[in-house]
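Subject: Structure handover

Hi,

Here is the structure for you to look over. My notes on it follow below.

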Amino acid sequence: MCALCGVCGGVLGRVLPRREPPSGERPGRSCAGLPYGTAGAAGCDAPGDAWRDAPGRARGEWPGEAAFRALRAAGLAARSLRAAGLTRASARGAVRHLRTLLGTAGLVVATPDRVLARGGADVPGDEAVLAEVRAAAAGGRPRVVPASRGGGRRGVVVPLAVEGRVVGALAAYDARVGTALVRTATEVGRWLSGQLELAELDASRRRTLEAEARALRAQISPHFIYNSLTTIASFVRTDPERARELLLDFADFIRYALRRAADFTTLADELTCVDRYLLLEQARFGDRLRFTVQVAPEVLRVDVPFLCLQPLVENAIKHGMPGEVRVVIRDAGSEAHIWVEDDGVGMNPEQLHAALREQRTGIGLSNVDVRMRHIYGPGHGLVVETAPGKGTRIGLRIPKTRPRTSPARP
């Protein structure tokens, strides 16, 4: 909330009733040396000075109530703008709270091309507002709007910028436009620009995740595709029914890997993909590959990153053949804990670091590790337990609540 300090100081002086000095005190200045009615706060330790320790507070208000109201209005306005950026819907959701924050008779949020939302009374028409918005955008600084000949409201128009590019403006209208309103509207405009930049960062993060999901679909190992088709072909003459079943399993796996429009799926769907993958690999390796899957039913509906489990199983088969691959998924309260184990040759620390840095055809452990940290935070990367001759155990911790900035699952 530190970014709001400049906003609150200006806002409190405008939206709060001017405080009268307590009875028996000399009007003029408080013990802090500030005029009564000035926005801000100053400490005062003397007994009986409860009315002098917070200049600008209305009589009867508890300490901090004015700041709370200003911060709440700012928070409600930010909620809409952070979620969608500067759109008609987000502007309409924020305009009432912005007007409360500024304490003006009228308020408009607009882009250089159109008025997005307006609140209050006696606001100029769209064409007049847009002309002032374009002028402020061209100048790159706040612009005071003079009163019209008919005695209309005066105003101040503040450009809103994202990464140095003006994307819109905040226009506040009132009967009087003095230095206090200009300064306060300017600070609110700067704060709004910060919120819009954060919204752009959120949108950029979502686009990055979606691009990674699309890249994943293009990274399904071609070796797996070739090997699967070769295995299926080997059964065509000797066991046509088995070949048909494997072909359907292969089609299900490819359809799942290529159809997803977002980067999240349910754990149940991810396990179905793993099951098809294991059936195809078992047909290829025969008795050399054994696998078991243990899943707590309570976590089947948990949303997980797309293709987060199959690469771990692929790694277990690569390093654990011949042997057994085990997938164990447990309910751990607010998380689902996933472990993929093999009883193969294991890895030493150098081999493990190389595997986590590996850039190769296919998805790989490094891709899963980076995505998990990106989506859930640094504490949710892969957990690997391994040693030469002791097999490998790789774990994931999946929060049951998906991050708000993640794209929705179709």
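Start with a strand pair. Gly-106 has Gly-120 of strand E2 as its bridge partner. Strand E1 covers residues 106-110 and strand E2 covers residues 115-120; the two run antiparallel and are joined by five bridges. Four residues make up the hairpin that connects E1 to E2.

Asp-122 sits in the loop between E2 and helix H4 (126-139). Its relative accessibility is 45%, so Asp-122 counts as partly exposed. Asp-122 and Leu-107 are 15 residues apart along the chain, and 9.6 Å separates their C-alpha atoms.

Confidence

Please keep in mind that this is a predicted model. The average pLDDT of the protein is 78, and 76% of the residues score at least 70. Strand E10 (residues 335-342) has the highest confidence, at 96. Helix H1 (residues 5-15) has the lowest, with a mean of 48. One is residues 1-7, which has ten contacts in the model beyond near neighbours in sequence. The other is residues 9-57, with 82 such contacts.

Cores

How many residues does the largest nonpolar core have? The count is 49. Leu-309, Val-313, Ile-317, Ile-329, Val-340, Leu-396 and Ile-398 have the most contacts inside this core. Helix H8 (residues 267-285) gives the most to it, with nine residues. Take Leu-309 as a way in. Leaving aside neighbours within four places in sequence, Leu-309 touches Glu-270, Leu-271, Val-274, Ile-329, Ile-338 and Val-340. A second core is separate and has 30 residues, including Ala-73, Ala-74, Val-109 and Val-158. As background, nonpolar side chains in soluble globular proteins tend to be buried together.

Ala-73 comes up again with His-97. His-97 belongs to helix H3 (residues 88-102). Its relative accessibility is 12%, so His-97 counts as buried. Beyond neighbours within four places in sequence, the contacts of His-97 are Ala-73, Leu-76 and Ala-77.

Cysteines

The structure has zero disulfides. For Cys-273, the sulfur of Cys-308 is the nearest cysteine sulfur. Both residues are shielded from solvent in the computed areas: Cys-273 is buried at 2% relative accessible area, and Cys-308 is buried at 0%.

Backbone points to check

Which peptide bond is cis, with omega about -10°? The bond between Met-321 and Pro-322. Pro-322 lies in the loop between helix H9 (310-320) and strand E9 (323-332).

Two non-glycine residues with positive phi are worth a look. Here they are in turn.

- Glu-163 has phi near 55°. Its loop runs between strand E4 (154-162) and strand E5 (165-174). Glu-163 is exposed, with a relative accessible area of 67%.
- Leu-307 also has phi near 55°. Its loop runs between strand E8 (303-305) and H9. Leu-307 is buried, at 0% relative accessibility.

Helix H11

Helix H11 takes in residues 364-376, 13 residues in total. From first C-alpha to last, H11 reaches 19 Å. That is close to the 18 Å expected at 1.5 Å a residue. Is H11 mostly covered or mostly open? Mostly covered: ten of the 13 residues are buried. Among them are Gly-364, Leu-365, Ser-366, Asn-367, Val-368 and Asp-369. Arg-371, Met-372, Ile-375 and Tyr-376 are buried as well. Gly-377 follows H11 and has a positive phi, near 115°.

In short

For a quick pass, I would look at these places:

- the antiparallel pair E1 and E2;
- the core of 49 residues;
- the cis bond between Met-321 and Pro-322;
- the stretch 9-57, where pLDDT is below 50.

Best wishes

Definitions and conventions:
Residues numbered from 1 in each chain as written. Predicted model: local features only at pLDDT ≥ 70, side-chain atom pairs only at ≥ 80, totals over all residues. Heavy atoms only, no water. Expected span 1.5 Å × (residues − 1). Buried < 20%, exposed > 50% of the residue type's maximum accessible area, 1.4 Å probe, protein only. Core = buried A, V, L, I, M, F, W, Y, C linked by side-chain atoms within 4.5 Å. Contact = heavy atoms within 4.5 Å. pLDDT = per-residue confidence, 0-100. Disulfide = S-S within 2.5 Å. Pairing = 2+ DSSP bridges.
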